[in-house]
Amino acid sequence: MKLFLQSIAISIGIHLLFFTGTSIAGIIRTMNYTPDFEAAGSLTSEVTFGTTYTSSPLMFPITFVCVAVIGGALITLFRNKPKVY
């Protein structure tokens with residue numbers, strides 16, 4: 001049970017680090033953005049429709065479980081590592 005909880009904690013920590021880092025990078029890029037109106041030329045009133053990339057809703061649970069399994073494997077590996085003197 002202890003290994004399970006430790007691997008879940010590692011997975012939560014890695015996911016929080018990833019999402020926090022992505023959010024902070026986006027905030028910094030937004031704060032430092034200055035539009036270049038001269039390079040844009042004349043602004044038109046046309047609207048362009050396109051597609052955006054959306055990931056599967058199962059992506060977060062799948063990555064969460066995979067990182068937990070890898071974390072559990074690493075904990076087990078380092079716990080059973082023979083001590084070298």
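The legends below describe several views of one predicted model.

**Notes for all views.** Residues are numbered from 1 along each chain as its sequence is written, side-chain values use heavy atoms, and hydrogens and water are left out. In this predicted model, local features need pLDDT of at least 70 and side-chain atom pairs count only at pLDDT 80 or more, while totals for chains, interfaces and linings use all residues.

**View 1. The protein chain holds 3 helices and 0 strands.** The elements run α-α-α from the N terminus on. Helices (H or I, at least four residues) and strands (E, at least two) are DSSP runs, numbered from the N terminus. The radius of gyration is 22 Å, well over the 12 Å that the globule rule gives for 85 residues, so the chain is more spread out than a compact globule. That radius is taken over C-alpha atoms, and the globule rule is 2.2 Å times the number of residues to the power 0.38. Along its principal axes, the C-alpha trace spans about 70 × 30 × 20 Å. Of the 85 residues, 9% are buried. Buried means under 20% relative accessible area, exposed means over 50%, and partly exposed lies in between (1.4 Å probe, protein chains only). The accessible surface of the chain comes to about 7,900 Å². Carbon and sulfur atoms hold 71% of that surface. Accessible areas come from the Shrake-Rupley method with a 1.4 Å probe; for residues, only the protein chains shown count as cover.

**View 2. Helix 3 covers residues 59-79.** Helix 3 has 21 residues. From its first C-alpha to its last it reaches 30 Å, close to the 30 Å expected at 1.5 Å a residue. The expected span is 1.5 Å times one less than the number of residues. The buried residues of helix 3 are Phe-64, Ala-68, Gly-71, Gly-72 and Ile-75. Seen down the helix axis, these residues fall within an arc of 100 degrees, so they line one face of helix 3. The arc is that of the directions from the helix axis to the C-beta atoms. An α-helix has 3.6 residues a turn, so residues three or four places apart point the same way. On the other side of helix 3, Val-69, Ile-70 and Leu-77 are exposed. Helix 1 (2-31) is among what covers the buried residues of helix 3.

**View 3. Helix 1 buries Ser-7, Ser-11 and His-15.** Helix 3 is part of what covers them. At 1.5 Å a residue, the 30 residues of helix 1 should span 44 Å, and the end C-alpha atoms are 43 Å apart, which agrees. Ser-11 has 0% relative accessibility and so counts as buried. Leaving aside neighbours within four places in sequence, Ser-11 is in contact with Phe-64, Val-67 and Ala-68. Contact means heavy atoms within 4.5 Å. His-15 is buried too, at 10% relative accessibility. With neighbours within four places again left aside, His-15 is in contact with Phe-60, Thr-63, Phe-64 and Val-67.

**View 4. Ile-75 is a buried residue of helix 3.** Its relative accessibility is 16%. Not counting residues up to four places away in sequence, Ile-75 touches Leu-3, Gln-6, Ser-7 and Ile-10. Gly-50 is 25 residues from Ile-75 in sequence. In space, the two are 45 Å apart, C-alpha to C-alpha.

**View 5. Phe-18, Phe-19, Phe-60 and Phe-64 form one aromatic cluster.** A search of the whole structure finds 3 aromatic pairs. The rings of Phe-18 and Phe-19 have their centres 5.4 Å apart and their planes at 65 degrees, so the pair is edge-to-face. Rings of Phe, Tyr and Trp (its six-membered ring) pair if their centres lie within 6.5 Å; planes under 30 degrees apart count as stacked, over 60 as edge-to-face and the rest as tilted. Phe-18 is exposed, at 51% relative accessible area. Phe-19 is partly exposed, at 41%. Phe-60 and Phe-64 form a tilted pair, 6.1 Å centre to centre with 35 degrees between the planes. These two residues lie 4 residues apart in helix 3, and so are separated by about one helical turn. Phe-60 is partly exposed, with a relative accessible area of 43%, whereas Phe-64 is among the buried residues of helix 3.
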